[in-house]
Amino acid sequence: MSQSVSDPVYLGPQLSVAHVALVKLHNEVARAGLYNSASSTLYSGGLDGKLYACTVREGVADALENPMEVTSVSGISALCLTASGVVVCTMDGIVFHYRNDDSIDLLQPKPQQSCRIAAVCYDEVNDTLIFSDWSAEIHVIENASIPIRKRQTSISLPMFTFTDGSQKENSCLSMATRDGLLIAGFASGEIRVYDIDTLVTISSFDCSLITLRAHHRPVRSIELVDVVLLKRLAPRILSSRFPEKIMPLFFSTGNDGSVFFHYPESLTLYRSHKLSSAQLTDQYLFRAKLFTLGTVDKPRVYLAVGGCDLQLYIYDCTLLLSTALTGSLIVNQTLSSSEPINSLLRASFPVSADVWDISVVHLSTSSDTVHLILSLESGELHALQVVSGALSASQQVATMAFIRERFGPSVLIPSSRVTGTHNSFVPPKNVYCKSPSDLPRDTGNKSTQSLAGRIAVVLRKEAPAIYIYVNRSWVFCGLVKQNTPAVEGDKKADSTGKLWDLALPVQNDQTGGSYTLFMNIDEDPWVVAERFILGTNIIETDRNDINYYKRQIYDFIVSNIPKTDVLPVFQAGWEDPTDYSLQIRPETGYTTCLIDRSTGTSIEKPAPKEITEELLKKCVTLLTNSSEQNLQYALFLNDIGSTTLWLQNTDCMKLLSVRFTILLQDIQKSSTSHIGVSQETWKLLGAHFVVLSYIFLNFSNSTPVINLYKAVLLLLRGTSLSSIYTQLATGTLAEKTVGVFFFRFISALILFEDTAMADVFVWFSDLVDAAHGPVLGQFITQEDHQYLEHVCEHATNRLAGQRIGTFLSSLGGRIGTDP
């Protein structure tokens, strides 16, 4: 049955973000950061060449205030953590391993043509270091930690055709590795999955196992989902069946402002699921980082995303990953405008500079809080605390004071940071309101819950102003700089006579050459910078540095031109036509996204036959009609389905288990009397079996359902459920629906329970060992007997498995045939 994934806003707790500290460490961009939890050390590398180590002992703020300079090089562009230290990559192509004992292992000396390292990753298991550079090469170093056995292979990457028809270098800008696989994101927008051994042997860009084309601009970040985390999220029937190596599940971000979740359907086929559309269209998203809150056995998974936007985004990915482990999925679908906007976005925080990297620091004080360290374009490190729940009064005061100071009335935001500068503006009709007082307020209903993290452009004293919905209130972020394009008489002519709004003088400090940069006010600064570089000889020494110079020229343009009129960018009530939840594809049932790399097959979650919506509705109606005296309970029963609001009604969940228990006890008493059990009572029991089976099959990770399961376990200690089986086995109970739904109920319980405990499995094996006649065949053949056979094969309790195996064998020819 198609099971919609519910809105995570209602299942997850409130998420709040607090300011902790903002420290200036670098004189230039804070380019890379990482946290070593084993040594409690936070590393930060900047384009100023400094590598700092901050030891987190008492707290994050104290650690940032007391950095230790580890080394100073030509400019750090990427970092990678190893078991024995940190791999440092530089702007001039040097790669070295800084070890914990202060020794240095030079992995790659400065190349003849120096070129900035773009990305780096290390496979600890296979001792393989991989890095890429802006000259469109990938380098693989095998036996990286053993100097005398090191072997390096370089793979050249072909050019790609840009949207304007020009040829561009297809540099690898992001990468991650696990279990001998490399996931690489390229400037073309492609993501490719390689087997590293094959990549080294063939040395070809085209030898990838998978090629994904989800992004339409460069891929800037790849974030793998840890297998240990997947096991913690998986249904109990799957957690003990994980293969040693699986095809990876991962997230990606790019220069198109999009966030994607990628999951496998086979060894050669992946699907890409979009989590978000950019609010500031085509803003670059440089980094995505996963973190968890909550207990080990019940984690909530979040994805922090930052880049050239006005804020840090935090998405709740718990249900998304849980659904991926539950069944084969349906990707994003278009909805009617009445549907809510992206409900995965749970929180945000305004940032005053581009976010280049994100580090996660878990402190031992609480499982409901985590620190995020943002590496900023300004050279600063910004420490934020993410809290599951509301902020304390002191945190609220400190956070609001910081925002007022950092984003006060005098703060002017360059229009290039607001409009996206890629000619993809939202039309003026999408202005949400004309005054800050008209911004919507959070009333706690579904429509306003989705305001979390939203951006709104409104008029503040006749000037465009940016507001962001942070911690359940609208926060002023700054005014937008504005001006008007030059009139005809003020335009500047180039050497060909073409007229432009601006003519900016440019000087190359290295060569002493002087140039003039022509542009129009409404042009994309990136396009202008690229046109200027390609049309002049400003880079006379090394054309490999084209991207480095492009960034410098872009910053020069943004700093020196008058700012344009800002088109209204976004509306707080944004009508996004995309459903960002995942849904289980009904025709494939419980085929998961876990692909065993050794066999190439999906790890299937065995389950009894599906409970159709029609059957569930009939059974719910039957239970509702028997509960007319309790209106609240009747409404609760009617709500049972794909939504999850009814799960929050703990009183009615308890009442459901109580009524089921009383019904079984009454049936047991009536069965021994001369009156017997009425047909209506048997139907009521069958309806309970169906409804309970549906709950156990579809909501296995919910605390109220776990409590319901524990209540059923208490029934196993008595004789009421056992007596139902005995009557079926001896033929005294011939009510067909009760027999069919009884086995469905038992299968659902066995599927739900922890295989290490296997209480229901052992209980059922004792029953079938005592009595299992051929008459049971008319019931079991209508269910998925293959599920029970699978449980027998993988049973941790071998004796119980043998008993049920004997039971299935006794049914003989009846299995596999319809009655």
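1. A word on the ground rules: residues are numbered from 1 along each chain as its sequence is written, and side-chain values use heavy atoms, with hydrogens and water left out. Because the model is predicted, local features need pLDDT of at least 70 and side-chain atom pairs count only at pLDDT 80 or more, while totals for chains, interfaces and linings use all residues.

2. Within the sheet, β24 and β25 (residues 299-307) pair in the antiparallel sense over 9 bridges, and Leu285 stands opposite Gly307 in β25. Strand β29 is mostly covered, since 6 of its 6 residues are buried, buried meaning under 20% relative accessible area, exposed over 50%, and partly exposed in between (1.4 Å probe, protein chains only).

3. Another set of strands deserves a look: β3 (residues 41-46) and β4 (residues 50-55) run antiparallel and are joined by 5 bridges, Tyr43 having Ala53 in β4 as its bridge partner. The hairpin of β3 and β4 has 3 residues between the strands, and Gly49 takes a positive phi there, near 90°. Strand β4 also pairs with β5 (residues 68-72) in the antiparallel sense, over 4 bridges, and the bridge partner of Lys50 in β5 is Ser72.

4. Asn36, which lies in β2 (residues 30-36), is buried, with a relative accessible area of 10%. Its side chain reaches the backbone nitrogen of Ala38 at 3.0 Å. Leaving aside neighbours within four places in sequence, Asn36 is in contact (heavy atoms within 4.5 Å) with Thr41, Tyr43 and Leu81.

5. Which residues touch the most other members of the largest nonpolar core? Of its 70 residues, they are Leu685, Phe696, Phe745 and Phe764, a nonpolar core being a set of buried Ala, Val, Leu, Ile, Met, Phe, Trp, Tyr and Cys residues joined through side-chain atoms within 4.5 Å. Beyond its neighbours within four places in sequence, Phe764 is in contact with Tyr725, Phe743, Ile746, Ile750, Ile804 and Phe807. Apart from this core lies another, of 68 residues, among them Leu303, Leu310, Phe407 and Ile466.

6. Helix α17 (residues 720-730) has 9 of its 11 residues buried, so it is largely enclosed by the rest of the structure; the buried residues include Leu721, Ile724, Tyr725 and Leu728. The helix is followed by Gly731, whose phi is positive, near 90°.

7. For the protein as a whole, there are 22 helices and 44 strands, and buried residues make up 59% of the 819 residues.

Technical notes. Pairing = 2+ DSSP bridges. Helix = DSSP H or I, 4+ residues; strand = E, 2+ residues; numbered from the N terminus. Polar contact = N/O pair within 3.5 Å; in protein donor to acceptor, adjacent residues only side chain to side chain.
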